[in-house]
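I opened this structure to see what holds its parts together. My notes follow in the order I looked things up.

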Amino acid sequence: ENQGELLEKRNTQNQEFLRWEKLRSIIGSHDGKEYRSFAQGLTLQRLVQLANRHLAKLSGRYVIQKEPQKDLDLQIIDTYQADNIRSMNTLSGGESFLVSLALALGLSDLAGRNTNIRSLFIDEGFGTLDEATLDEAVSTLENLQASGKTIGVISHVKELKERISTQIRVIRKSGGFSELEVV
């Protein structure tokens, strides 16, 4: 009976030791790099949680996750492909747009903590998107606007200009001057 109690105490103390040993190994590097990576990994984990909330609203297809065993790397889960885990580098232009937008919105949530950031300005290079992806991107932005966000888009893409009702156009004048026109 005494031996059983001693073994139980030993196991409890061993678990406590392992917890503190892990913490020591993270903090204990001479240059602090391991600790920085660990702390950044925790922040990234929170960012991923916030971004996934937005990504679920934007597209029910993807889930962002931190790569296991790597503090600062991300991967994507494609739920339409039997939860296939993919590298972020394999995303198409439209997929990258959605994931980047979700991460940007998550970052604004993370930065704003107690403040609701209600405006978003995008200069995302819409010219690289094909017609279907551009349509999906614009629909996504329209949904965000309908949820109460003010969306500003900086673009020269003609198809995008046609879908945006309120525009501020910059008209080049002579002598290095420009004029703004609200349409």
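Which residue forms a salt bridge with Arg 61? I found Asp 78, with the closest N and O atoms 2.8 Å apart. I count a salt bridge when a side-chain nitrogen of Lys or Arg is within 4 Å of a carboxyl oxygen of Asp or Glu.

Before going on, I noted the ground rules. This is a predicted model, in which local features need pLDDT of at least 70 and side-chain atom pairs count only at pLDDT 80 or more, while totals for chains, interfaces and linings use all residues. Residues are numbered from 1 along each chain as its sequence is written, and side-chain values use heavy atoms, with hydrogens and water left out.

**Entry: around Asp 78**

I placed Asp 78 in strand E2, residues 74-78. Helices (H or I, at least four residues) and strands (E, at least two) are DSSP runs, numbered from the N terminus. Arg 61 lies in the loop between helix H2 (33-58) and strand E1 (62-66), so its pairing with Asp 78 ties together parts that are 17 residues apart in sequence.

Is Asp 78 buried or exposed? Asp 78 is buried, at 1% relative accessibility. My cut-offs are under 20% relative accessible area for buried, over 50% for exposed, and partly exposed in between (1.4 Å probe, protein chains only).

I then checked Arg 86. Arg 86 also forms a salt bridge with Asp 78, the closest N and O atoms being 3.0 Å apart. Arg 86 is buried too, with a relative accessible area of 16%. I traced a network of salt bridges linking Arg 61, Asp 78, Arg 86 and Glu 95.

I listed contacts next, meaning heavy atoms within 4.5 Å. Leaving aside neighbours within four places in sequence, Asp 78 touches Arg 61, Tyr 62, Asp 83, Asn 84 and Arg 86.

Most residues other than glycine have a negative phi. Ala 82 is exposed at 74% relative accessibility, and Asp 83 is partly exposed at 49%.

**Entry: another salt bridge**

How many salt bridges does a search of the whole structure find? I got 7. One of them joins the side chains of Asp 135 and Arg 163, at 2.4 Å from N to O. Asp 135 lies in helix H4 and Arg 163 in helix H5, so the pair ties together parts 28 residues apart in sequence. Asp 135 is partly exposed, with a relative accessible area of 40%. Arg 163 is partly exposed at 33%.

I moved to helix H1 and picked Leu 23. Leu 23 is partly exposed, at 33% relative accessibility.

In helix H3 (residues 93-112) I picked Leu 107. Leu 107 is partly exposed as well, at 48% relative accessibility. How far apart in space are Leu 107 and Lys 173? I read 38 Å, C-alpha to C-alpha, for a pair 66 residues apart in sequence.
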